[in-house]
Amino acid sequence: MRARLLLIPFIFSALAHAQDIPAALTETASGKPGQVQPPHLDRLPMDGGWTYGELLDKALTGDFRANMLAGEYWMGFYYLNRGDLPLACLEHMQSFFQKAAEKSGHPAPQLMMTDPYGIFGIFKTAPMRPEHAGWLADCRKLAEQGDMDAVTALYTVTDLPPEDLKRYLAPLEKKAAKGDQDALAQLAFIKTDWLKEDPAATLATLQKHGRNAKPVLLARMGQLALSLGNSVPQNDPRRKEWRDLAVQTLSRAAEQGHATAMRTLAAMPEGTDAEKNRGFLKSLCARGDLECLLAGLSGYMKEKTGSVDGKMLQDMFDKARKLGSNNACAWYSQLLSEAKPPQEQEVQEAARALLALHDERAMPFLKEPLALPQKKLNHLPPYAKTHKELELASQMGDVDSCVQLGELWKEELANTMDSVGKAHEAQENMRTWYKMAAEEGHPLAKLRLAQMEDPDLLEKPASEPGATLLNDCLAKAATGDFITLKGIAEYVTPEQWETLIEPLRNKAREGDSLSQANLAYLMLFSYRSEESGYPEALAWARLSAGQGDPCGMYVLGRALIYEFGLEKRMAEGDSWMFRAALKGHVDAADIWSSNNENLQPYSAMMHGLASRGHIPSLLFLANQAAYPQNATEQAAGEERKDASRTDKTATGGDETDPGAVPPWMTESGRERSVPEPASVNPEAVKFWEQAAELGSLTALDELAAYYETVARNVQDPAERQQLQASAMTASTALVRKNDVRGFKRMARYYEQGIGVQPNKELHRDYVLKAAETNDPEALVEKARLLIKGEGMEPDPKAALEILTRLEPNQVRPVPGLYFLLGYLHEEGLGTQRDTALAYQFYMKGAEQEDDKAMNNLGSMYEGGNGVAKNLDEAKKWYEQAAALGNEDARANVERVKEKMKKAVK
């Protein structure tokens with residue numbers, strides 16, 4: 001790859017004074033020192049001597065060499081993760097390599113297009129598909145003949161042994177020995193970069209040809225000399241000698257129009273002519289040098305100087321966009337959005353143009369849901385669809401969609417085991433959808449229903465009915481059914497697993513993109529995934545994504561984001577997720593949105609998911625609309641987000657501030673406080689109601705809580721009563737579903753008289769119903785009723801048994817648990833009096849900020865009950881309890897203060 005040979009050392013040398021470029025560009029060219037006339041391109045090497053704009057013009061004529069170099073140009077940007085978003089670079093690279101391959105039939109561009117830089121290992125093990133083996137064999141034949149495109153491709157995508165490389169270089173060595181300066185320059189780079197030979201010795205060889213050197217050799221000599229000079233300490237005399245040689249040779253090449261030499265000199269502030277450098281930069285921009293144009297635009301963006309209205313700035317944007325720079329398009333959208341007055345229509349047009357390039361940086365500017373054509377969504381497999389889409393497909397008789405809905409709720413169950421209510425919700429939905437699929441004969445649905453009745457069903461896989469159910473699933477999985485394969489992965493042996501996925505692997509080898517994606521997913525993320533299989537899995541994911549399959553894009557994005565077998569490439573992973581989301585993949589859209597849009601005033605991606613019936617998005621948007629951020633904190637968050645967006649668009653890569661405040665925290669380090677709303681937002685209610693229609697009981701619970709919250713903050717009694725009635729309606733709907741959250745809410749309503757008359761009997765009945773589900777909070781409330789004897793015979797011993805069983809099994813802190821345990825032991829109710837143990841329980845409660853436990857600690861210290869009497873400690877605990885709203889503690893604080901005053905007297 002010639003970018004590895006010549007371009008990379010040149011095109012990626014950062015311009016040291018990008019902020020000076022705009023001023024230089026505004027100057028009049030005529031009469032200025034250092035002004036360079038347009039060069040004779042036929043006297044310059046296409047590789048490094050031409051600008052990207054000149055290369056692009058030649059590539060558009062179908063020239064093989066120009067297309068190869070243009071592809072390598074973007075490949076270098078992709079590898080270094082700069083210059084633009086990684087997938088923008090990858091898309092350009094593939095386009096040019098494809099044209100080169102179509103024009104010539106050469107195997108080298110096919111190899112590099114399929115696996116740039118060998119990142120995904122497609123050619124480093126056994127070829128994944130038959131044509132891959134053919135391309136490799138053809139490249140090896142051409143390499144033996146000295147074809148440097150073939151040599152470069154082999155070096156790039158395979159682990160090419162040094163002895164093979166040296167053998168392939170023999171024809172190039174012969175040309176160099178005859179004084180061919182192109183061969184000399186090319187060979188010099190290979191020796192120093194690939195073979196790691198002594199750069200000083202290589203430079204000495206090139207200097208023998210220095211007197212009559214052409215621009216290609218001068219530029220190579222200059223780069224070697226500059227690298228050597230930068231590699232030694234400041235006080236080393238060789239440093240000045242080498243840098244002087246670099247300036248001399250690069251200047252000779254630059255004066256003849258060599259683009260890379262001109263750009264390299266402009267990045268050297270020491271020992272060069274600043275006026276000439278400005279002339280070089282101006283000439284490069286006029287010739288379509290993308291790096292210089294982007295450096296100039298970046299300077300404007302960082303300094304916020306210039307405006308879109310200025311013709312010069314507009315021309316720079318236009319040139320960069322015509323050269324294919326997504327960065328220029330993104331910066332243009334950002335600049336329009338920051339104009340005063342705002343240019344909203346122009347911003348929307350620019351954002352839509354950016355979205356057409358599949359660039360996620362369009363999203364902050366969109367003000368409407370991201371809508372996708374229904375035809376595109378219909379082609380998605382079940383595991384890439386939303387709840388609503390699956391439900392509609394199920395109603396049309398699609399059994400796989402029924403099973404997938406059951407599996408979605410099964411995943412929800414695994415994530416919500418600390419909540420009895422959410423676990424019940426997931427189980428009820430699982431039962432509904434598995435039953436529907438089982439009636440149609442789906443084996444996995446039958447197995448899941450049996451497991452719900454007997455969780456240990458497959459502990460003995462040879463026993464019935466588990467053996468028959470599992471065998472039916474194995475038969476289904478053997479057809480390559482992805483949902484079943486994923487569902488039974490944990491119940492099969494490694495040998496069975498390899499046999500089961502073989503049909504999927506065969507389809508993948510035949511080029512089926514969905515099979516490639518499914519195989520990659522199972523090898524990376526299923527129960528049977530092993531690190532030894534990651535290289536093959538990533539290769540399949542890359543091949544699937546390269547064919548435009550949204551499932552392949554999702555798998556590859558997830559692997560890159562979460563470092564499955566690859567170093568973390570967050571920007572690229574995000575881009576793959578975004579592209580999968582644009583094709584409708586629900587999990588990709590959800591992950592991308594969660595990573596990028598949660599704090600945006602309008603989340604176009606999430607609104608798009610909500611419109612498709614995605615329950616998590618509906619719940620998120622409902623809460624976002626119902627509980628808006630504090631205005632000051634939101635403004636601070638927007639400033640941080642804008643700064644982050646500017647950094648990312650300026651580099652096209654991953655540049656995050658390690659000291660940035662997380663979005664859920666305030667600058668002071670506390671969790672963000674959300675002001676309670678004093679009015680109902682109809683949009684929030686709409687989202688919750690839509691989620692409830694899709695089976696979300698959590699939506700009903702959150703809706704009831706919302707109505708309660710608003711009711712607390714309204715002044716009008718009639719309005720408050722109406723809101724409380726709405727909360728009661730949502731809670732009643734939960735009760736009809738036997739959801740413990742409904743029981744607990746109704747219990748509290750009848751205890752406190754919220755929307756109804758207080759009723760101790762109904763309060764007790766709902767508490768007991770809730771406690772039957774083993775909900776920890778309901779059990780604590782039942783224990784309290786047993787201690788107090790409210791609506792039932794007092795039974796502190798039964799209360800103690802309930803609390804003692806619950807205490808070691810807490811998944812998360814249960815309010816009131818330690819207070820009641822401490823109270824029973826302090827008073828000797830249901831057990832012997834034990835103040836030392838009571839003190840320990842109160843301390844545990846205090847650690848969980850239980851105000852009653854804190855108040856009782858204060859009482860123990862005040863009276864010397866089980867501890868040494870200490871009014872200072874008593875006052876401390878009373879004050880902490882009072883700060884949490886405990887009215888008894890407030891009175892206790894004043895009493896202890898009086899005691900302390902008397903003690904002083």
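Here is a friendly talk about charged side chains and cysteines in a predicted model.

Trainee: How are residues numbered, and which pLDDT do local features need?

Mentor: Residues are numbered from 1 along each chain as its sequence is written, and side-chain values use heavy atoms, with hydrogens and water left out. In this predicted model, totals for chains, interfaces and linings use all residues, side-chain atom pairs count only at pLDDT 80 or more, and local features need pLDDT of at least 70.

Trainee: Thanks! How many salt bridges are there?

Mentor: Side chains of opposite charge can pair when their charged atoms come close. A salt bridge here is a side-chain nitrogen of Lys or Arg within 4 Å of a carboxyl oxygen of Asp or Glu. By this rule the count is 44.

Trainee: Which residue forms a salt bridge with E91, and where does that partner lie?

Mentor: The closest N and O atoms of this pair are 2.9 Å apart. The pair links distant parts of the chain, 488 residues apart, with E91 in helix α6 (residues 86-104); helices are DSSP runs (H or I, at least four residues), numbered from the N terminus. The partner is R579, in helix α33 (residues 570-582).

Trainee: Is R579 buried or exposed?

Mentor: Buried means under 20% relative accessible area, exposed over 50%, and partly exposed in between (1.4 Å probe, protein chains only). E91 is partly exposed at 33%. R579 has a relative accessible area of 11%, so R579 is buried.

Trainee: What does K276 pair with?

Mentor: K276 lies in helix α17 (residues 274-286), and its partner is in helix α15 (residues 237-255), 21 residues apart. K276 is partly exposed, because its relative accessible area is 34%. The salt bridge spans 3.2 Å, N to O, and the partner is E255.

Trainee: How many disulfides does a search of the whole structure find?

Mentor: A disulfide is a pair of cysteine sulfur atoms within 2.5 Å. The search finds 0 disulfides.

Definitions and conventions
Helices (H or I, at least four residues) and strands (E, at least two) are DSSP runs, numbered from the N terminus.
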